[in-house]
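Student: Could we walk through this one together, a question at a time? I'd like to finish each answer with something I can check on screen.

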Amino acid sequence: MNWQPETQETHESKEQAVFWRDGALGGLELLRASYVTHSFAPHAHEGFAIGVVETGADRFLYRHGVHVAPAGAVVLINPAEPHTGASALPGGWRYRMLYPEAELLQRAASELAGRTRAIPFFRHPVVEDVPLAGALLALHTTLEAQAEPLERESRLLRVLAALVERHADALHLPAPIADQPGMARLVRDYLQAHAHERVALDDLARLTGASGYQVMRQFQKAMGLPPHAYLTQIRVERAKRLLAQRVPPAQVAAQVGFYDQSHLTRHFKRIVGIPPAQYMRG
């Protein structure tokens with residue numbers, strides 16, 4: 001595990017905050033919290049504060065204005081910008097936040113454009129973007145769960161690039177995707193040869209000489225799946241063959257590259273429709 005979440009109960013039984021850092025992502029800070037009476041004093045972050053309100057509504061002062069983020073809204077706070085935070089409703093609000101450094105957003109903007117770009121600026125602190133909110137929630141839960149480095153890195157870069165493309169101050173158009181079937185085949189062969197190992201997005205970037213974002217876009221265009229999903233597919237197919245030979249699921253998980261049996265079971269059932277033990281008995 002690359003993080004140690006800390007849970008802090010407040011005096012209100014409904015208030016809870018879970019905070020952790022993801023060591024595999026350079027110490028990226030994350031927060032999952034529910035607040036009812038708690039209010040944040042004016043403060044600022046060195047990097048960005050990006051999140052999604054899951055229930056209730058968040059009311060905050062920011063850039064000389066009062067803003068309300070309802071359930072489903074995306075919150076975008078720029079670096080070094082003072083802001084507050086409190087519930088806009090009697091029942092409080094629940095949200096998930098991540099705090100990426102400015103350089104991480106600059107990298108996403110540069111990889112999206114195919115050239116060096118400045119640190120992006122988000123003009124609107126509250127945006128209604130249902131697909132993006134869903135992607136942010138999926139990213140946050142993935143980072144909280146025990147997930148592969150390749151999946152965590154890929155989801156993070158994809159979400160940050162989408163944020164920049166759709167909501168940054170200036171238009172950030174993605175670079176055209178030129179057909180490079182050789183790159184996709186190279187990555188595919190690498191994933192098949194190293195499926196039992198911990199594969200990182202940087203490994204694929206070094207392999208191809210392209211940026212991580214370019215690798216993801218090119219591979220999905222050619223294969224129909226992002227690299228991390230293709231890697232999971234390889235492992236599940238190999239697990240099926242071993243289970244058919246009556247190899248115990250815990251042993252199968254270790255052989256094909258999953259962290260443990262629960263990790264195997266989660267992905268196996270999601271793809272095959274039944275848990276590994278039932279597949280083995282069948």
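Tutor: When residues are sorted by class, Ala, Val, Leu, Ile, Met, Phe, Trp, Tyr, Cys and Pro count as nonpolar, Asp, Glu, Lys and Arg as charged, and the others, Gly among them, as polar. You're looking at a predicted model: local features need pLDDT of at least 70, side-chain atom pairs count only at pLDDT 80 or more, and totals for chains, interfaces and linings use all residues. Residues are numbered from 1 along each chain as its sequence is written, and side-chain values use heavy atoms, with hydrogens and water left out.

Student: How much space lies in the largest pocket?

Tutor: Work on a 1 Å grid over the protein atoms alone: a cavity is a set of points where a 1.4 Å probe fits but cannot get out, and a pocket is an open set with protein on both sides within 12 Å along at least five of seven lines. Grid points are joined across faces, edges and corners, and a volume is the space filled by probe spheres set on the points. For the largest pocket that comes to about 490 Å³.

Student: Which element gives the largest share of the lining of the largest pocket?

Tutor: Lining residues have an atom within 4 Å of a point, and the largest pocket has 21 of them, with Leu-25, Gly-26, Leu-28, Glu-101 and Leu-104 nearest its centre. By class they are ten nonpolar, four polar and seven charged. Strand 3 (28-35), helix 1 (102-113), helix 3 (149-167) and helix 5 (201-208) each supply at least two. The largest share, four residues, comes from helix 1.

Student: And which helix gives the most to the lining of the second largest pocket?

Tutor: The second largest pocket has a volume of about 280 Å³. Of its 17 lining residues, Glu-151, Arg-155, Arg-266, His-267 and Arg-270 are the closest to the centre. Two or more residues come from each of helix 2 (130-144), helix 3, helix 7 (227-244) and helix 9 (261-272). With five residues, the top contributor is helix 9.

Student: What is the volume of the largest cavity?

Tutor: A search of the whole structure finds one cavity of 30 Å³ or more. Glu-148, Glu-151, His-228, Leu-231 and Thr-232 line the largest cavity, and three of the lining residues come from helix 7. The volume is about 30 Å³.

Student: Is Phe-60 buried or exposed?

Tutor: Phe-60 sits in strand 5 (residues 49-62). Leaving out residues up to four places away in sequence, Phe-60 touches Gly-65, Val-66, His-67, Thr-84 and Pro-125, among others. Buried means under 20% relative accessible area, exposed over 50%, and partly exposed in between (1.4 Å probe, protein chains only). At a relative accessible area of 2%, Phe-60 is buried.

Student: How far apart are the C-alpha atoms of Phe-60 and His-83?

Tutor: Along the chain, Phe-60 and His-83 are 23 residues apart. Their C-alpha atoms are separated by 6.5 Å.

Student: What is the phi of Ala-80?

Tutor: Ala-80 is in the loop between strand 7 (74-77) and strand 8 (83-87). At 57% relative accessibility, Ala-80 counts as exposed. Although Ala-80 is not a glycine, its phi is positive, at about 65 degrees.

Student: Where does Arg-246 lie?

Tutor: Arg-246 also has a positive phi without being a glycine, with a value near 70 degrees. You'll find Arg-246 in the loop between helix 7 and helix 8 (249-256).

Note on methods:
Contact = heavy atoms within 4.5 Å.
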